[in-house]
Amino acid sequence: MNRGNKLLDYVKMLDSSLQVGGFSHSFGLKSQIEEGKIRTAQDIQTFMQLELHPSLVRIEGLAIKGIYSAVSQQDYWRIALIDKMIHVQRNPVNKRSSSRAMGKRLLKLSKALHPWMNFEPLEKALEQYDAVGSLPVVHAWINYQLEAPIHDAVSGYLHAAKDVCFIHVRRLLHLDPIELERLLSTLGEELDQEWNKIDLSDTSVFQRSLLSIQSLIPGFYLPEPGIKQSRA
């Protein structure tokens, strides 16, 4: 497949208006709007800056970086380990189910969209280590196969997540469109700034994140290669 077709597939996967690639959920924003916890543009900004952005950049963005490194080394145990780490981060449990469902949906859609792509190594790794196939992991795997630069893979994921949140905002809240566009632009710039602070040349940064998470979550275990671990 030529580079032009790969780029077209990449754009299709990130297009939240088509709901392709699982970017049809709101990372908890929709439920908070429906519960009346988010009503104003300031509420939206607070949610994005304090809840969504840290998770997207420090957990999911770093996970995508980690998957790129693991795939390049054919380290399938590490792929499964990163996947399980992301899964454990989902709290409450219904967010874990959502991430798993979105990952499966992306995998299914991508098989139709990319019939030339070999998903067998990923699926075998998830099965062998009893991982779940969360959305950012599947997203990273596909982008790596599409030869998308890691910066594009992460940036695309971050901005697709932001954009789909605003789709729900526009549908559920009657706010000034101009104010929302201004906020969308501001939050997009902040996302880029946060990700640009990550030193991609530092190969230990994701490992430090793993160790930190392990110390903070009781019962979190990093399985050895060849050993299965039941899902949380």
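This is a predicted model: local features need pLDDT of at least 70, side-chain atom pairs count only at pLDDT 80 or more; totals for chains, interfaces and linings use all residues.
The protein has ten helices and zero strands, and buried residues make up 48% of its 232 residues.

**Overall layout**

- Read from the N terminus, the order of elements is α-α-α-α-α-α-α-α-α-α.
- Of the contacts between residues at least 6 apart in sequence, 79% link residues at least 24 apart.

**Helix 3 with helix 7**

- On the helix 3 side, the contact uses Glu60, Ile64, Ile67, Tyr68, Val71 and Ser72.
- Facing them from helix 7 are Pro136, Val137, His139, Ala140, Trp141, Asn143, Tyr144 and Gln145.
- Sorted by class, the contact of helix 3 with helix 7 holds nine nonpolar residues, four polar ones and one charged one.

**Helix 3 with helix 4**

- Helix 3 also packs with helix 4 (residues 76-89), at an angle of about 170 degrees and with 9 Å between the axes.
- That angle makes helix 3 roughly antiparallel to helix 4, because angles over 145 degrees are counted that way.
- Helix 3 brings Ile59, Ala63, Gly66, Ile67, Ala70 and Val71 to this contact, while helix 4 brings Arg78, Ile79, Ile82, Met85, Ile86 and Gln89.
- By class, the contact of helix 3 with helix 4 splits into nine nonpolar, two polar and one charged residues.
- Ile67 and Val71 of helix 3 are worth a look in your viewer: they are listed in the contact with helix 7 and also in the contact with helix 4.

**Helix 8 with helix 9**

- Helix 8 (residues 150-172) and helix 9 (residues 177-196) cross at roughly 155 degrees, and their axes come within 11 Å.
- Helix 8 is therefore roughly antiparallel to helix 9.
- The crossing of helix 8 and helix 9 is right-handed.
- From helix 8, the residues in contact are His151, Val154, Ser155, Leu158, His159, Lys162, Asp163, Phe166, Val169 and Arg170.
- From helix 9, their partners are Leu180, Glu181, Leu183, Leu184, Leu187, Gly188, Leu191, Asp192, Trp195 and Asn196.
- The contact of helix 8 with helix 9 is made up of ten nonpolar, five polar and five charged residues.

**The two sides of helix 6**

- In helix 6 (residues 120-128), Leu122, Ala125 and Leu126 are buried.
- Looking down the axis of helix 6, these buried residues fall within an arc of 95 degrees, so they line one face of the helix.
- Lys124 and Glu127 are exposed on the other side of helix 6.
- After helix 6 comes Asp130, which has a positive phi near 55 degrees.

**A closer look at Ser69**

- Ser69 sits in helix 3.
- With a relative accessibility of 32%, Ser69 counts as partly exposed, because that value lies between the 20% limit for buried and the 50% limit for exposed.
- Ser69 and Ile79 are ten residues apart in sequence, and their C-alpha atoms are 9.2 Å apart in space.
- Ile79 itself belongs to the helix 4 side of the contact with helix 3.

Note on methods. Residues are numbered from 1 along each chain as its sequence is written. Side-chain values use heavy atoms; hydrogens and water are left out. Contact means heavy atoms within 4.5 Å. Helices (H or I, at least four residues) and strands (E, at least two) are DSSP runs, numbered from the N terminus. Ala, Val, Leu, Ile, Met, Phe, Trp, Tyr, Cys and Pro count as nonpolar, Asp, Glu, Lys and Arg as charged, and the others, Gly among them, as polar. Axes are lines fitted to C-alpha atoms, for helices over the stretch in contact, and angles run from 0 to 180 degrees between N-to-C directions. Angles under 35 degrees count as roughly parallel, over 145 as roughly antiparallel, 65 to 115 as roughly perpendicular and the rest as oblique. A crossing is left-handed if the near helix is turned anticlockwise from the far one by less than a right angle, and right-handed if clockwise. Buried means under 20% relative accessible area, exposed over 50%, partly exposed in between (1.4 Å probe, protein chains only). The arc is that of the directions from the helix axis to the C-beta atoms.
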